[in-house]
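Biologist: Could you take me through the terms used for the aromatic rings and the exposure of residues, setting each value against its cut-off?

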Amino acid sequence: MGALHEGHLTLARRARAENDHVAASIFVNPLQFGANEDLDRYPRDLESDSAKLAKIGIDALFFPQVDEIYPEGFATKVEVDGPLTAVLEGAARPGHFAGVTTVVSKLFFILQPARAYFGMKDAQQLLVIAKCVRDLDIDVQIVPVATVREADGMAMSSRNQYLTPEEREAARAISRGLQQAEARFAGGERAAAALRAAVAAALEREPLLRAEYVSCAELPTLREIERVQTTALLSLAVRVGGARLIDNVWLGVQKDAVPLV
């Protein structure tokens, strides 16, 4: 959606390295924002974004206006139904994923790419898009790309711009909690409650943070589990000041074997 940071640019570089031609799209999609969310104040800087992508060597930048994507009389949605979109971000933001899958499907139909690159920070989005592509037989390969983090471990996000210095310092507890839980997993811990508790304990030490959820769910279904058998997604959503931040770690997942469907 623009306001490009190093996480986005990593996707662009990966695509540039693996394909003959690369297009990027920038579109702040109103269909995926709910009431009282940050659509109006979401950061936009097309001139800067264009320059960053040009430096990487992107061949084309697609930045449509809202009425081009949703013309007058638009009445069609693409929606992944069932438990995958009913939990976590789907439960917290009703209608969000219908907005995501509708606009991403339209972008796929318009641009017809062979591959599309998505960050693993937006884990549920990645899983939902992969299922949508499989269910509709859309001829595109979904390529997951690992989360890019700041030097202190915090996941890069356009919404980090909302944070005051004090809030930014407190938000470091998000990645710290995930890292502590990941270390426990590496040490042999498989009880989901213990892994969730490790994350929650780090968040509770920061009074500026308010956790909406901490989840330990199987992949790729996102069903909450009692024990991690092979792989799992440990994820959270946290309110800090005027920002809502999400982050995760993929437990037991090899870089080239991400379980999407």
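This is a predicted model: local features need pLDDT of at least 70, side-chain atom pairs count only at pLDDT 80 or more; totals for chains, interfaces and linings use all residues.

Biologist: Why is the pair of Phe27 and Tyr70 called tilted?

Modeller: Rings of Phe, Tyr and Trp (its six-membered ring) pair if their centres lie within 6.5 Å, and planes under 30 degrees apart count as stacked, over 60 as edge-to-face and the rest as tilted. The centres of Phe27 and Tyr70 are 6.1 Å apart and the planes stand at 55°, so this pair is tilted.

Biologist: What makes the pair of Tyr70 and Phe74 edge-to-face?

Modeller: Tyr70 and Phe74 have an angle of 65° between their planes, with 5.0 Å from centre to centre. Phe27, Tyr70 and Phe74 form one aromatic cluster.

Biologist: How do you know whether Phe27 is buried or exposed?

Modeller: Buried means under 20% relative accessible area, exposed over 50%, and partly exposed in between (1.4 Å probe, protein chains only). Phe27 has 9%, so it is buried, and Tyr70, at 13%, also counts as buried, whereas Phe74, at 30%, is partly exposed.

Biologist: Why is Gly187 called exposed?

Modeller: Its relative accessible area is 71%, and therefore Gly187 is exposed.

Notes:
Residues are numbered from 1 along each chain as its sequence is written. Side-chain values use heavy atoms; hydrogens and water are left out.
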